[in-house]
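I open my notebook on a new structure. I will start with the ligand and then work through the sheets and helices.

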Amino acid sequence: MKLRAGLLCAFLTALLLPFSSQGAWFGKQAAIMGTRIGVEVWHEDEQAANQAIESVLDEFRRLDQALSPYIETSELYLVNDRAAYQPVPISKEFYDLLETSQTYSQLTGGAFDITFASAGHQYDYRKEIKPTDEALDQTRPLINYRHLILNPDSQSVHFKQSGVRIDLGGIAKGYAVDRGIHLLEQRGIENALISAGGDSRMLGDHQGRPWYIGVQAPRDDKALAAVLPLSDTAISTSGDYERYFEADGVRYHHILSPKTGRSAEGLRSVTIIGPNATRTDALSTSVFVLGLKDGLALINRQKDVEAVIIDSQGQMHASQGLEDFKQSETTEVQPAHLGPVNTNPIRPEGSALGVRPAGAVFVPSKAE
Ligand code: ADP
Ligand code: MG
């Protein structure tokens with residue numbers, strides 16, 4: 001706890017220190033969408049900065065209300081409740097998100113599949129509940145993105161089978177981060193960072209230098225496996241250590257293989273760097289399911305994304321575009337160049353045990 005408080009102090013101090021007479025960093029954190037949301041902006045005016053930050057947090061709250069599978073008035077809840085019986089007309093935003101999700105299902109050969117929830121909603125990681133083998137046998141055929149029928153004319157969604165459930169947990173936070181960045185841009189802000197658990201996006205750089213983003217070591221919450229100097233980009237990490245429990249020597253975590261309805265095996269974490277957080281979020285979940293070989297191949301086929309993958313032995317692998325970087329730039333990180341320190345884990349109200357933010361960790365010293 002002492003360490004955490006210390007880090008928080010460093011964080012706040014850093015936020016208040018102006019680096020020139022023309023502006024300062026302003027920041028705030030809040031627990032929304034079952035995770036910690038952090039917003040930092042560079043601004044000349046404190047009041048305007050705070051208004052901008054609040055607008056981002058409000059956007060996260062709005063999206064939580066619309067997309068949560070647990071809030072009975074959410075659009076997603078309504079769809080899960082009714083779409084097996086009739087086509088359900090939905091908002092344009094929700095429709096577009098479903099369509100985007102389907103695109104990732106096609107791109108990843110079904111590794112990304114929002115109908116994972118047909119089985120996923122039978123797990124409760126906090127209460128250490130998992131479906132029985134029989135229940136899974138019955139549920140497995142319900143996991144298939146092709147069960148979703150999207151009709152652009154009526155802007156509606158229909159499930160081909162009853163029992164199908166959807167959940168946007170693999171893409172919604174990334175989408176919310178992108179929405180937040182958009183709102184900041186609209187206000188003329190040029191330097192900012194928004195993070196939502198494992199999904200972050202930077203607008204511009206950090207005082208003329210890159211932001212240094214640490215990739216969490218999957219089995220040591222105080223260590224970093226890598227440090228990435230980044231500007232104007234998004235980064236997402238999916239890990240098997242964020243939401244899980246162990247039983248009979250098996251780690252039951254929150255990323256499911258749509259083929260089995262069970263936790264995907266073979267990797268500990270996947271970090272994706274790319275142009276926006278919707279894309280990095282969906283792809284980090286996807287690559288985690290695909291595994292090392294197929295996952296790296298997918299990323300190497302995409303021009304605009306890179307990956308850092310940590311396998312179940314703790315070995316680190318990088319996509320082609322990061323090979324050179326791995327040898328050069330990480331060694332140049334100097335403490336004086338670092339952004340705020342922000343490594344303390346949180347347990348927001350109502351979140352599962354074992355939840356920790358992955359990805360955006362600012363490091364106090366150079367990479368291991
Ligand atoms: P988080 O940042 O919440 O840890 P990740 O990006 O790592 O999220 O994705 C994990 C979440 O994605 C799960 O909590 C679940 O909601 C959802 N999910 C799990 N398996 C899949 C899958 N195969 N396809 C799409 N979404 C998934
Ligand atoms: Mg994801």
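**Entry 1: the ligand.** I looked up which residues surround ligand 1 and found 22 of them. The closest are G169, G170, G198, S238 and H254. I keep in mind that this is a predicted model.

I then sorted the shell around ligand 1 by class. Nine of its residues are polar, seven are nonpolar and six are charged. Which helix gives the most to this shell? I found that helix α8, residues 277-290, does, with four residues.

**Entry 2: α7 and α8.** Next I followed α8 to a helix that packs on it. Helix α7 covers residues 172-186. I read an angle of about 165° between α7 and α8, and their axes are 7 Å apart. That angle makes α7 roughly antiparallel to α8, because angles over 145 degrees count as such. The crossing of α7 and α8 is right-handed.

I listed the residues that meet. From α7 come K173, G174, Y175, V177 and D178. From α8 come A277, T278, T280, D281 and A282. The contact of α7 with α8 divides into four nonpolar, three polar and three charged residues.

**Entry 3: α2 and α7.** I checked another helix that packs on α7. Helix α2 runs over residues 46-67. Its angle with α7 is about 150°, and the axes of α2 and α7 lie 9 Å apart. I noted a right-handed crossing for α2 and α7.

On the α2 side I wrote down A52, S55, V56, E59, F60, L63 and L67. They meet A172, A176, R179, G180, L183 and L184 in α7. What is the make-up of the contact of α2 with α7 by class? I have nine nonpolar, two polar and two charged residues.

**Entry 4: the sheet of eight strands.** I turned to the strands. Eight of them form an open sheet, in the order β1-β2-β6-β7-β10-β13-β14-β15. The pairing in this sheet is antiparallel. Which strands are at the edges? I found β1 (24-32) and β15 (316-318), and each pairs on one side only. From one strand to the next, the twist averages 10°.

I looked at one pair in detail. Strand β2 (residues 35-43) and strand β6 (residues 192-196) pair in the antiparallel sense over five bridges. I37 has A196 in β6 as its bridge partner.

**Entry 5: helices across that sheet.** I came back to α7 here. It lies across β2, β6, β7 (199-203) and β10 (234-239). α7 runs at about 20° to β7. I also found helix α9 (residues 292-301), which lies across β13 (267-274), β14 (306-311) and β15. α9 runs at about 170° to β14.

**Entry 6: the sheet of three strands.** I found an open sheet of three strands in the order β3-β5-β4, with antiparallel pairing.

I counted two bridges between β3 and strand β5 (residues 156-159), which run antiparallel. V88 stands opposite V157 in β5. Last, I looked up the helix on these strands. Helix α4 (residues 92-107) lies across β4 and β5 and runs at about 130° to β4.

Conventions
Residues are numbered from 1 along each chain as its sequence is written. Chains are lettered from A and ligands numbered from 1 in the order in which they are written. This is a predicted model: local features need pLDDT of at least 70, side-chain atom pairs count only at pLDDT 80 or more; totals for chains, interfaces and linings use all residues. A residue is near a molecule or strand if its C-beta atom, placed from the backbone, lies within 6 Å of it. Ala, Val, Leu, Ile, Met, Phe, Trp, Tyr, Cys and Pro count as nonpolar, Asp, Glu, Lys and Arg as charged, and the others, Gly among them, as polar. Axes are lines fitted to C-alpha atoms, for helices over the stretch in contact, and angles run from 0 to 180 degrees between N-to-C directions. Angles under 35 degrees count as roughly parallel, over 145 as roughly antiparallel, 65 to 115 as roughly perpendicular and the rest as oblique. A crossing is left-handed if the near helix is turned anticlockwise from the far one by less than a right angle, and right-handed if clockwise. Two residues are in contact if their C-beta atoms, placed from the backbone, lie within 7 Å. Two strands pair if DSSP finds at least two bridges between them.
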